Each structure stands twice: as C-alpha cells, then as structure tokens.
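Subject: Structure handover

Hello,

Please find the structure below. My notes on what was found in it follow.

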Amino acid sequence: MTDKLRQITESISGFDAESLRVEFAQQAIARCIQPITQTEQVPLKQALGRTLATDMSAPINVPSYDNSAMDGYAFSGSDLKQGHITLKLVGKAFAGHPYHPTVQTGECVRIMTGALMPRGCDTVIPQELVAEATEHSLTFASGTIEAKSNVRLAGEDLPIGATVLHKGRLLTPADLGLIASLGIAELTVMRQLKVAFFSTGDELRSIGQPLEAGCVYDSNRYTLHAMLDRAGFEAIDLGVVRDDPVALENALREAGKIADAVITTGGVSAGDADYTRALMARLGEVMFWKIAMRPGRPMAFGKINVNGKDALFFGLPGNPVAVMATFYFFARDALFRLQGTTTERLPSIQAISSHAIKKRAGRTEYQRGVIAFDSTGTAKVRLTGAQGSGILSSMSEANCMVVLSHDECDIQAGQPVNVMPFTGLI
Ligand code: AMP
Ligand code: MG
C-alpha cells in the first residue's frame with residue numbers, strides 16, 4: 001500500500017510529509033481504503049448504528065391505504081357547494097375498524113385519525129370546524145374546507161418499489177421506525193469493524209497499579225475505547241506496551257492478526273519515530289507524517305500485514321487531546337470508510353467567537369470550546385481555558401471543537417468561526 005499511498009500522495013500537489021495539510025492527509029487516507037465486503041443479517045432492533053449493506057426498497061405502500069389525518073367527518077368532496085352544507089351521518093370509522101358500505105352523495109361518516117377512508121369519501125372535515133353535529137346529521141358553511149383535505153394517501157410516505165434507504169447508510173432511530181413501517185424484521189448490514197488498540201510508553205500505568213514517581217495513568221485507552229464504542233466499532237483493548245522493540249512488534253503482530261484496523265498511541269514523535277519506522281518496515285507499509293495541525297502533529301498511517309492478512313494502521317501521538325483530535329479528524333472517517341459506511345461525516349456549524357483567538361496561518365488548529373445560544377438566539381462559542389495537548393480537563397468541559405482552518409489568522413471577538421459540535425461524538 002505504501003507504493004499506492006506514495007503514488008497518491010505524489011499526485012496531490014503541495015503534499016509535504018514534513019508539514020502536511022490536514023485536508024491532504026484526509027484525502028490520501030480516504031483514497032487508500034478498500035471497504036470490507038462481508039455482511040451479516042441482524043434483527044431490526046439490533047440494527048441501530050449498523051451500516052446498511054444493500055439498497056432497501058419498499059415492498060408495500062406506506063401508508064398502505066388512504067386514511068384520515070384528523071378526527072372529524074368523511075364525505076365526498078363533490079358534496080361541497082354554496083351556502084350551508086348538511087350531510088346525513090350514516091356510520092363510524094375508527095382506526096382498525098373500517099366502515100364497509102359505500103358512502104352515498106349527501107352522506108358522511110364519523111371518522112378518527114388513521115381510520116381507512118370509506119368508499120365514496122375523499123375529504124375529511126375536522127370536528128372543530130363543524131358548525132353543528134347531531135346524532136343524525138352534520139352542518140357546516142361552505143368555504144370551511146376544500147375537497148380532498150385531511151386525507152393521507154396510500155404511498156404518500158413511501159410508495160411501493162421506491163428505494164427508501166441506500167447502501168452504506170448508518171442506521172438511525174428514524175430509519176429503524178421506517179423499516180418497521182415496511183414490515184421488515186431482519187436486514188443485511190456490513191459486519192462490525194474490529195479495531196484493536198494499545199498504548200505505548202514506559203511511564204504508563206494501568207488503573208489499579210501504584211503510580212510511581214514519573215508515571216502517569218494510561219488514559220488514552222479509555223478515550224479510544226469510548227470513541228470507538230460510540231462510533232459502533234468493536235473495540236479490542238490490548239493494554240499497555242513498553243517502549244521496547246520486541247514487545248511492540250509482538251503487540252502489533254497480535255493486533256494485526258485479530259483486527260481490521262490497529263490504533264496505537266505514543267511512540268511516533270521525533271525521538272521515537274525512527275525505531276517505530278524500522279519495525280513498521282518489517283511488518284507492513286507505513287508512512288510517517290507531520291501534520292500541520294494543533295494539537296496533533298506526528299502521526300503514522302499505513303497498513304500492517306500479518307500472515308497475509310492486512311490491517312489498517314494508525315499510529316497516533318501520545319498526548320491525550322492530540323489522540324482525540326487525530327482520532328476524530330483522521331481515524332474515525334477512515335474506519336467508517338473501511339466499514340463501507342458512506343453517510344457518517346463530522347458535523348460543522350458556524351458560531352460567533354466570544355473572544356479573540358490567536359491563530360498562526362499554515363496549520364489547522366482545533367480549540368476546545370463551549371457553544372451556546374445567547375439571549376438573541378445567536379450561537380456563540382467561548383474557549384475552555386488552557387489548550388495544551390495534554391490537558392484533558394478542557395476537553396471534558398468542552399461541548400465542541402472550534403476548527404480554525406489552515407490559512408486562517410488571528411480571530412477577532414465577534415468573528416464567525418467553524419465549530420464541530422460533540423453531540424453524539426463524545
Ligand atoms: P509520546 O508521544 O509517547 O512522546 O507521549 C507524549 C506525552 O503524552 C507524554 O507526556 C506521555 O506521557 C503522554 N502519554 C502518552 N501516552 C499516554 C497515555 N496512554 N495516557 C496518558 N498520557 C499519555
Ligand atoms: Mg512515549
């Protein structure tokens with residue numbers, strides 16, 4: 001793949017692995033991915049967050065019959081004429097309890113929402129628009145209602161044969177309801193992607209171990225596990241690996257054997273990259289990039305091959321916030337592509353910056369922020385304090401990421417900025 005990757009990167013003008021624009025790296029990654037093809041059948045209830053493997057068409061009309069959109073009275077629109085209209089009340093139609101006879105000219109039927117429109121009727125007058133209703137008749141003024149009002153026509157939601165959902169769609173609660181309305185109990189989805197991950201670093205301790213001087217608890221495995229889980233991937237936690245070439249090689253082989261993609265954190269910064277690079281050259285084809293971004297910067301991307309089986313590889317930086325930023329802006333999209341998901345893209349909206357933000361042109365900067373509407377209904381964003389790439393508390397406080405693009409310079413207070421809300425991501 002490196003050859004392929006190298007060809008792709010060389011075809012992007014201005015591609016510079018020592019200071020790579022975020023968009024170039026994203027493009028290069030996207031172009032390298034060959035989606036998996038395996039599918040599986042799942043019951044509808046288990047399909048939330050799974051990726052539809054085939055186009056889905058409607059086997060029936062939804063709704064399957066013309067029905068009333070209101071509680072009121074059904075009659076024929078041809079009875080609408082000048083002056084007061086009086087109709088003879090001949091029966092009742094409730095949801096699930098149709099009125100079977102044909103309704104004649106000058107007649108009407110009491111009808112409830114969802115009830116089948118009786119033969120001979122094409123119009124419903126809501127009960128609150130009726131001037132007078134007795135047990136036997138109904139009176140209302142002409143002009144109160146137009147012919148064919150308040151009727152939901154067969155197939156108006158989904159006509160039979162129409163493609164209702166496309167292959168590659170990440171299924172939402174509304175989609176599940178839609179599929180249920182078609183009477184479909186089981187569907188074909190892409191199999192779930194398996195993503196193995198581990199942390200590297202001699203200073204890392206797992207929760208439960210004593211924290212000696214100079215050590216930190218490994219937090220990256222927890223954020224990674226949570227981010228993968230949120231996205232619906234199967235997260236396989238392979239623990240902490242020491243900064244030792246043999247241990248690292250063994251862990252990568254193990255991960256490559258069992259997973260579709262492998263994510264590591266740490267060990268790609270300037271000092272470590274060389275020996276990781278030598279190891280990777282044996283295991284697969286991996287490129288090391290310095291991304292023009294903050295937080296983030298060093299990152300490795302490629303594939304490892306174990307026993308003839310490929311796995312995508314992401315070597316993310318070690319700093320906890322850099323892990324999250326590189327996961328969201330590179331790995332997440334790539335994993336969805338690998339899984340055959342086509343609809344999942346990060347959301348982006350605009351908000352007014354509440355204060356000035358220092359920004360250097362020539363790199364993409366991600367700042368942690370809190371977005372809220374002010375009293376005039378304007379979306380405003382403020383930053384959450386210290387933005388160092390190791391400071392997770394300001395990430396935890398944030399509900400969005402302010403995304404300052406490569407060429408942008410200092411932002412003045414009151415200027416609009418692009419914001420990625422975390423809703424559903426974090
Ligand atoms: P590295 O990229 O390995 O040089 O790590 C950069 C910084 O991130 C160092 O301060 C590490 O201690 C810290 N770090 C690396 N991995 C983790 C982790 N799994 N959990 C928390 N901090 C980490
Ligand atoms: Mg390290």
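**Ligand contacts**

A polar side-chain atom of Ser-199 is placed 3.4 Å from a nitrogen atom of ligand 1. Please keep in mind that this is a predicted model. Asn-220 also places a polar side-chain atom by a nitrogen atom of ligand 1, at 3.2 Å. With Gly-318 the contact comes from the backbone: one of its N or O atoms lies 3.1 Å from an oxygen atom of ligand 1. On its own, ligand 1 has 490 Å² of accessible area, and the protein covers 75% of that.

**Ligand surroundings**

The shell around ligand 1 consists of 14 residues. Glu-203, Asp-218, Ser-219, Asn-220 and Gly-318 are the closest of them. By class, the shell divides into eight polar, three charged and three nonpolar residues. As for the site itself, ligand 1 takes up the space of the second largest pocket.

**Cavity**

Rolling a probe the size of a water molecule over the atoms shows where empty space is left. At a threshold of 30 Å³ or more, the structure holds one cavity. The volume of the largest cavity is about 90 Å³. Its lining is made up of 15 residues, and those nearest its centre are Thr-200, Leu-248, Gly-266, Gly-267 and Thr-276.

**Domains**

The domain assignment gives the following bounds:

- Domain 1 covers 3–29 + 192–339.
- Domain 2 covers 40–62 + 156–190.
- Domain 3 covers 67–152.
- Domain 4 covers 349–421.

Taken over C-alpha atoms, the centres of domain 1 and domain 3 are separated by 66 Å.

Regards

Terms used: Residues are numbered from 1 along each chain as its sequence is written. Chains are lettered from A and ligands numbered from 1 in the order in which they are written. This is a predicted model: local features need pLDDT of at least 70, side-chain atom pairs count only at pLDDT 80 or more; totals for chains, interfaces and linings use all residues. Side-chain values use heavy atoms; hydrogens and water are left out. A residue is near a molecule or strand if one of its heavy atoms lies within 4 Å of it. A polar contact is a pair of N or O atoms within 3.5 Å; within protein, one must be able to donate a hydrogen and the other to accept it, and residues adjacent in sequence count only if both atoms are side-chain atoms. Accessible areas come from the Shrake-Rupley method with a 1.4 Å probe; for residues, only the protein chains shown count as cover. On a 1 Å grid over the protein atoms alone, a cavity is a set of points where a 1.4 Å probe fits but cannot get out, and a pocket is an open set with protein on both sides within 12 Å along at least five of seven lines; lining residues have an atom within 4 Å of a point. A molecule sits in a cavity or pocket if more than half of its atoms lie within 2 Å of its grid points. Ala, Val, Leu, Ile, Met, Phe, Trp, Tyr, Cys and Pro count as nonpolar, Asp, Glu, Lys and Arg as charged, and the others, Gly among them, as polar. Domain bounds come from an automatic or database domain assignment. Grid points are joined across faces, edges and corners, and a volume is the space filled by probe spheres set on the points.
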